[in-house]
Amino acid sequence: MAPNLCRRRQWIKLCFSLVSIVLCCYAAGVFSLLRSGYTTRAGSDEPIKSSSLRFSRKTGGTGRYVVREAGHVWPKPQHQVSTVDVFVLSRDTFNFTYAPGSHRCEILDLAFGRYTEIIFSIDEAATGSKCDADTTCLVVLEVSVKESCKGASPHLGAKENYELSVAREGVKLKTDSVWGALRGLETFSQLIYRGEHGLYTVNRTDIQDFPRFPHRGVLLDTSRHFVPVKYILQNLDAMAFNKFNVFHWHIVDDPSFPYESIAFPELSKKGAFHPDTHVYTQKDVRTILEYARLRGIRVVPEFDTPGHTLSWGHGQPGLLTTCYTKTGKQRGALNPVLEATYQFMGKLLQEIKDVFPDQLVHLGGDEVNFACWKNDAEITQFMEKRGFDYYVKLQTYYVQRIMKNVESLGKVSAVWEDVAAKGQEGSVPKSTVIQVWRPGKWAQKMAQVTRHGLRTILSACWYLDLISTGEDWPPYYRCDPHAFNGTTDQKDLVLGGEACLWGEYVDWTNLLSRLWPRASAIAERLWSSQDTTDMEDASVRLGEHRCRMIRRGIPAQPLRPSACPFVPV
Amino acid sequence: MAVLSTIQCVFSVVLVLFASPLPCLNVRAYQRPVMVQQTGKVLPKPQMMTVSAEAYTLAMSSFKFTYGSSSEMCDIVDQAFRRYYDLIFDVDGPKKAPKVPESMAELTVLQVMVKEPCKGAYPSLESSENYTLTVTAPMGMLVADSAWGVLRGLETFSQLIYRTDDGTMIINKTTVEDFPRFAHRGILLDTSRHFIPLKYIKQNLDAMAYNKFNVFHWHIVDDQSFPYQSVVFPDLSAKGAFNPYTHLYTQEDVKDVIEYSRLRGIRVVPEFDTPGHTASWGAGLPGFLTPCYDGSTPNGKYYAANPMLNTTYDYMTKLLQEVKDVFPDKYVHLGGDEVNFNCWKSNPDITKFMEKMGFGTDYSKLEQYYIKNILDISTSIGRDYIVWQEVLDNGVQDKSTVGEVWFENPTIQAVLERLTAKGYRVLLAAGWYLNHDVYNPGTDWADFYKLDPQVFNGTQAQKDLVIGGEACMWGEYVDGTNLIARLWPRASAVAERLWSNKDVKNMADATVRMDEQRCRMVRRGLNAEPLHPGFCQFEYD
């Protein structure tokens, strides 16, 4: 044992002096690789052919492809100072505790257990990693939470700031809320990397951190394909690893209605792909809500109406407009002139309020097909009576009534940008959150919406179901939700954004690998400071972060030719 | 790529604008969901098949595979019996108790007749894969010349069986006479840009067997890493693998892959690509790569095998001799693609060598000189070879060479016409680069499907020189996390093009069979990705 230890100490000393040099060299190496990669791909002289994707002019060793663990944090903290001083940790001796006077709760109790597993995920017995008198051991992380947290649920505007200090005396994590503590624990877990002998190593570090935007979401679509609960939970893990805090659950849509409603059980009985196997029971929903809450993630359900509702029609006869076209009988959007429609929606919204604790309810409101409304005599009559000269007004009438209903339940509405069409902004309550999704002129849309004092979240540049060959995260990374013409007040109305993974071509077979690490680029844009734009630095950290997710069991796909520094999975 | 995808996006928006009154359906357009029924459709579609309405049941407890009394017997078929029994009865699959309606006859035996001895057999380009399958109760018959035909027939048999909603297992009275249109039906995996663990290589071999592919083209080394553990040059992987302990194919691993493949009637054709694509060789084989120069001084960089040194050819002789001993297939892939001349041009010794050889300043002559030597080495040690197309365009080889067509020059068809006119046998890979991702992964298989390797201007004799094709999954953006999902079921489209009759091109019919094949692969435990909104009849257990 003795010689072995000795060697290890030498290595640590070496590391003290070399770590910064090594990191710099590595960063430079990857940058040059990246740049050459961009040159090849972005060359506009001819369209991409197979050749350019295989061709590599680079020569040299394989080392530069191997991702190195260095404890870089993703998303990048607002303020971080690290030195070359390093400490080591061992599973046997390391503990999480509460500082004297700190609030305590189950959220943190469970997080302590979770992060112990995450940090010490590699078999220590195999490496013989132990803290002993000869190394500078860290044995405790002390958390101090100011606000009471028992039974707390995350909400829009919840504090997520934290201060983390990793020093010889121990690790101190100070936060206002338990959510900040979760973010801080994630950061701490990322600071730890494994040295050559399997030593869990961390540099002396001080961090003050807080998110740039309060709403940082991932949208999953469980209607076009059913996503089993297992994969939704795995995705919540991945979200926590990236400090996302909103799961936008696009739970139902045209193709299927997998939500098992208490008030209207027929909706899923007749509208799910399969009423036994392809549904989310109330128990499933509770499981997901609790799993998310414990990770500081809000669940915002979307019940998209009046369009995108074909699957609703099976279980609720009379709800949809019926019309006859050249191709025969067709179903259109919800019927906006029947009182029964509003009674149904009122009851459903009441249930949503009871089941989903978040203040925000997403009401959809996008892409309404007016074809069936146009063919309906009753609707035409109604329009004439009300003096509606075009169908957007009818849609506004419908959405306004639904939003009033939501308001009366004490909830806040989120809707797709279609609802705040030009000229219709006045019809939308000021509390409404507008989600901007149409590519192209999204900046103008953000400006228009915020000019009218409405809050907004951005998704237009973050549709991750759209794929292309190659390293495609840089455009996501560069897309900034504040990149539009507007006053500071307008910018302040931007709550954040969401990465959207629509489900046409995605199910449990490929969901996680398609979403990660691409969504990580968006995570950093939404958390880190506006001037975090250094692509070289981001590329290195993202490479490490992808391997980190792999080690934690998320099958995040590769960014470029590479190898993670442990047994391949 | 950004440019391409934008064009694609704009294009689809424009399409939609014309087709509908809505402003933008681009991304979230409604697609009717499909409940994919298992109805016993076969992919790739057999050459001749008659299915009658008469149906039989099967039961796990009573069904068995047997050999016919005069049949040859061997491990290949023994193991296939066990494998297909598990696949058919879904031993790990849905646990619904099957009901057996009394009114239906039961199929209790499939009797297999192998005509040729098959003990220890290894598949080849010339292997017969034809089979005749007759399903009638109580005993079905599967007759084939070789064990390989039996494997293809068992796959077809397993696909003919389906389950009703209550779990009853059904097979219709059926006769099938089947054989492949092309002898070489391959999948290329690239284990250099990313290391692919054995587990996924084997999963992929399973998937290949389900789609009647018969060649695993193992692009085992390249610029980025050298994961093959060589016996004669152990330093190649010791210094050229991403990690010489974990990111490595040992001799044991390679044997394992070859045997796993053999039992599924799949040949393993290894590719040792030279003179380019060899950056990872440099560290473990000093002196093999060409030193590059800035002016009159070496700049510390190296590129491509050094074609002027005898040692280079000694190395290659030793390595290819080892490859011959390790890989039983008659063919080896020697690469030869994408050689960049800049480094050779910078090297003054090469310049002198060029003068001496009378090559002038035509570096393609130097490349030909190198390739010629390598091909001669291969021939002398007794291996036939496949090379990428540019080697044949440079034109020094003999007629036994197989050329693999991988890029449009100027079109795929032109290349096929040109190379077959010179009398070379060819494989088609261009058009089947499945590593290329597109916006709409659910429909790009149609393009793969429509591409026919024999549709080009040429005589029948030229067409006959097309021995098959390969779906390629280059590894820049692919590893164990996404390999299976990205490759399947898209490669199934290529499988059918290479196996089925050339007249099999009804897209509607193919769509239905692609759907069922995707769900079948999911049920068999593969992460084959979805083609459209919807779900499989048996998706989870």
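Biologist: In this predicted model, are A:Glu160 and A:Arg216 buried or exposed?

Modeller: Start with how they meet: A:Glu160 forms a salt bridge with A:Arg216, with the closest N and O atoms 2.9 Å apart. A:Glu160 sits in the loop between strands S3 and S4 of chain A and A:Arg216 in strand S8, so the pair ties together parts that are 56 residues apart in sequence. As for accessibility, both A:Glu160 and A:Arg216 are buried.

Biologist: Over in chain B, which residue forms a salt bridge with B:Arg185, and where does that partner lie?

Modeller: B:Arg185 is in strand S10 (residues 184-190) of chain B, and its relative accessible area is 1%, so B:Arg185 is buried, the cut-off being under 20%. The closest N and O atoms of the pair are 2.9 Å apart. The partner lies in the loop between strand S5 and strand S6 of chain B, 56 residues from B:Arg185, and is B:Glu129.

Biologist: What about A:Glu290: buried, partly exposed or exposed?

Modeller: A:Glu290 forms a salt bridge with A:Arg293, and both lie in helix H8 of chain A, three residues apart, about one turn of the helix. A:Arg293 counts as buried at 10% relative accessibility. A:Glu290 has a relative accessible area of 35%, which falls between the 20% and 50% cut-offs, so A:Glu290 is partly exposed.

Biologist: How many salt bridges are there over all chains?

Modeller: Some of them form networks, one of which links A:Lys76, A:Glu524, A:Asp537 and A:Arg541. Over all chains, the count comes to 56.

Biologist: Which residue in S17(B) is the bridge partner of B:Ile386?

Modeller: B:Ile386 belongs to S16(B), where it stands opposite B:His333. Strand S15 of chain B pairs with S16(B) in the parallel sense over three bridges, and S16(B) also runs parallel to strand S17 of chain B, again with three bridges. Four of the five residues in S16(B) are buried. In S17(B), the bridge partner of B:Ile386 is B:Val402.

Biologist: Which helix holds B:Glu496?

Modeller: B:Glu496 counts as buried, at 1% relative accessibility. Its contacts beyond four places in sequence include B:Lys45, B:Tyr449 and B:Arg513. The helix spans residues 490-499 of chain B and is H16.

Biologist: About how much space lies in the largest cavity?

Modeller: The structure holds 16 cavities of 30 Å³ or more. The lining of the largest has six nonpolar, four polar and six charged residues. Its space comes to about 160 Å³.

Notes: Residues numbered from 1 in each chain as written. Chains lettered and ligands numbered in written order. Predicted model: local features only at pLDDT ≥ 70, side-chain atom pairs only at ≥ 80, totals over all residues. Heavy atoms only, no water. 1 Å grid on protein atoms, 1.4 Å probe; cavity = no way out; pocket = protein on both sides within 12 Å on 5 of 7 lines; lining within 4 Å. Points joined across faces, edges and corners; volume = space filled by probe spheres on them. Nonpolar A, V, L, I, M, F, W, Y, C, P; charged D, E, K, R; others polar. Helix = DSSP H or I, 4+ residues; strand = E, 2+ residues; numbered from the N terminus. Buried < 20%, exposed > 50% of the residue type's maximum accessible area, 1.4 Å probe, protein only. Contact = heavy atoms within 4.5 Å. Pairing = 2+ DSSP bridges. Salt bridge = Lys/Arg side-chain N within 4 Å of Asp/Glu carboxyl O.
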